[in-house]
Amino acid sequence: MSGEAHATAAGYVALIPLLPLGGALVLGLLGPSLQRRAGKGLVGALACGTVAVSFVLSVMAFLQLKGMEAEHRLLLTDLFPWIHVGSLKADVAFAVDPLSAVMILIVTGIGGLIHLYATGYMHDDAAFWRFFMYLNLFTFAMLTLVLGDNLLLMFVGWEGVGLCSWGLIGFWHKEEANAVAGNKAFIVNRIGDFGFILGIFLLFWTLDAQSHPTVVFRELREQVHVLDGLAFWGVGIPTLVTLFLFVGATGKSAQIPLYVWLPDAMAGPTPVSALIHAATMVTAGVYMIGRLNFLFAMAPVTLGVIATIGALTALLAASIALTQTDIKKVLAYSTVSQLGYMFLAMGVGAFSAGIFHLMTHAFFKACLFLGSGSVIHAMGGEQDMRKMGGLRKKLPATFPTFFVATLAIAGVPGLAGFFSKDEILFQTYLSGRTGLYVIAVTVAGMTAFYMFRQVFMVFFGECRADHHTQEHLHESPSSMTLPLWVLAAGSVVMGYLGLPPASAFEGWLEPVMVHHAAEASHAAEAMEYPLMALSVGIAFCGIFFAYLMYGRGGVKPESFANLLGGLPYRLSLNKFYVDELYQATVVNGTLALCFLAAWFDRTIIDGIVNGAAAVVRGVSSIGGLFDRYVVDGAVNVVADATYAVGGRVRRLQTGAISAYLYVVILGVLGGVLLYWSWAVAS
Amino acid sequence: MGELTLNHFVVLSLVLFSLGLFCVVTRRNALGILMGIELVLNSANINYVAFARYGSVNYDGQIFAIFVIMLAAAEAAIGLAIVLGIYQSFETIDVEATDRLRG
């Protein structure tokens, strides 16, 4: 296998995920006493230190890859054989190729900054150690997900991040709503994971039937072509496999129909929202599609589904974000919407563009979340934007960074979000799906609107907080503002990696990605700059409307809220009643099914069991009668007969020796007589 | 007449055997029974020696007679030991009284 031959062994790669695991183990086992004896400083330093070292190692891996020839860029470390059963061979092996190099830099880099931020944000929490244990464990799981060189190891990380997400959303579990949100995230994710594992099964099963059994990515890449033309019940195998995998992606990456858990996940501490629910975990689905791009490229039907779902999710989430008043809910729906963009990119075959947006989004969305966390910190836990306002002077570090990140996500030229989003819009246009392109451009305008609405409501105008809160307004400590500055800087410069027309980022990922995106004709290329101007224009329209409604105040938001009898406003505010719909159909339906099953179990199944028992009891009582009267009777008759015969025969034994002698003599005489008569007769 | 023939010995043996048997059957004393058995055995001895003398079977008969004498001695020793045991547990050697094995 050519893929095998090019792999370069690099043992230190294994340390990248194992260091955070070690940190999690130490904190999990010794955390409480460590925190009591050595203080929170050491706990925080340990957690940040492991991730920081992982980041350094990731940079080393990146530099080593960069020094190699483009086609040979693969670092591999095979720790030990894991599952070798029949034709299935999976090792615990970590591989760094250009794609996973990007991911580990994001996870350890941004993750490390968020760790640092959390030491400030969570400083007053009693369960400080537990929080960092989960964060480290999460980092380990996420790194396993992106570094695992086979589907099964990826699935381990996939489940691991879900578990840590559950633990972190419900971190303040003393409030029931938080615990419920954690459960919701976990259960919704499980539904997706079910599809994911079905996809793995189907993929391995069909490959096995074609005698190419493998779950290792680089071998899959070589051999997946054998699936071409195979069909199962009239559906092509690649289509079926990728659809199942995409179900998994909708769960983890919060797409229609499984996006409902992400907004609720905001119940967790804000660093968690930034790390897990914006920068890393939710991008796992995008990463998975990028990792298996060669497989998805074989299934145009699936790509169409992904593009459509992505665009619709982007639209739906953006329209909900327009009216939310909770500072974190706006960002949550914004995240869902931006993930929709990434899936749209994947769906039109622009895999590199999707991953590029993943990276830039990680920077500016982490910055936004951490900024909102800083605001919440300053406001003493208040999350309602209607009670904020005019904070820009009070928060001299939070405001500029938040503003830069907002410019980036809104698609203002020159910042990261502009380049990555525009690339997606352009590729969508090239794919010829005009409907999706219109949706995507609309969403770009909506994004600019709701983000600036947030900025105006939080940082401009008069402060609407009560007197007590206003007095306690303060900027966050430097452990929290430093990550903000770094992330804001990243939100600016990261975009230039993907500067068109010769994107460095795309070139970096080229060895991993198949060429599926529509080849740009000259006519279409000529459209790039006009289209760019269009999307920028729409973004500025959104900003301008936000300014009119929330900045200058010339246009009353209420006049839009009452449009069409207020129906669109209420739909958006109540999230299109999707949660209620799911509650009514899926949750209650499941409960009804449970009750039905319980009733069925109690009456029918138990009835059958009890009936069977009664029948057996009846049959065995007949058997008992037979046993008692026939079998036992025969035995007793034999015994009684023996007893009676013995009673008669015992008389023979008189105990008198002379009587015995008489019998002996008579016997001998009788015998002699018999012999005699016989001798005479013959 | 005058000369002893095999018949004389056989008749003697028969008489002796009958007396011994009668003794064994009728005696109630265990010692008496043992004595009767001695008579029966000795009648057999006479038979052995007589047939050995008048028959043509070399010395087999005499040797058998010696075996029987030896056997009788052993039998007497064991029999007397049994009688002693009976006496110790029954305080009597009347065989009519020792009917504990009666069915």
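These legends go through a few close-up views of the structure. We're looking at a predicted model, so local features need pLDDT of at least 70, side-chain atom pairs count only at pLDDT 80 or more, and totals for chains, interfaces and linings use all residues. Residues are numbered from 1 along each chain as its sequence is written, while chains are lettered from A and ligands numbered from 1 in the order in which they are written.

**View 1. Chain B has three helices and zero strands.** Helices here are DSSP runs of H or I with at least four residues, strands are runs of E with at least two, and both are numbered from the N terminus. Along the sequence that reads α-α-α. The C-alpha atoms of chain B take up a box of roughly 50 × 25 × 25 Å along the principal axes. Of its 103 residues, 13% are buried (20 or more other C-beta atoms within 10 Å of the residue's own, with C-beta atoms placed from the backbone).

**View 2. Chain B meets chain A.** Ten residues of chain B and twelve of chain A make the contact (C-beta atoms, placed from the backbone, within 7 Å). On the chain B side, that's five nonpolar, one polar and four charged residues.

**View 3. Strand 2 of chain A (residues 75–85) runs parallel to strand 1 (residues 8–9).** Two bridges hold this pairing (strands pair if DSSP finds at least two bridges between them). A:T8 has A:L75 as its bridge partner.

**View 4. Strands 2 and 3 of chain A form a hairpin.** Nine bridges link strand 2 with strand 3 (residues 88–96) in the antiparallel sense, and A:L76 partners A:A95. Two residues sit between the strands, and A:G86 in the turn has a positive phi of about 55°.

Conventions. Buried ≥ 20, exposed ≤ 12 C-beta atoms within 10 Å, placed from the backbone. Contact = placed C-beta atoms within 7 Å. Nonpolar A, V, L, I, M, F, W, Y, C, P; charged D, E, K, R; others polar.
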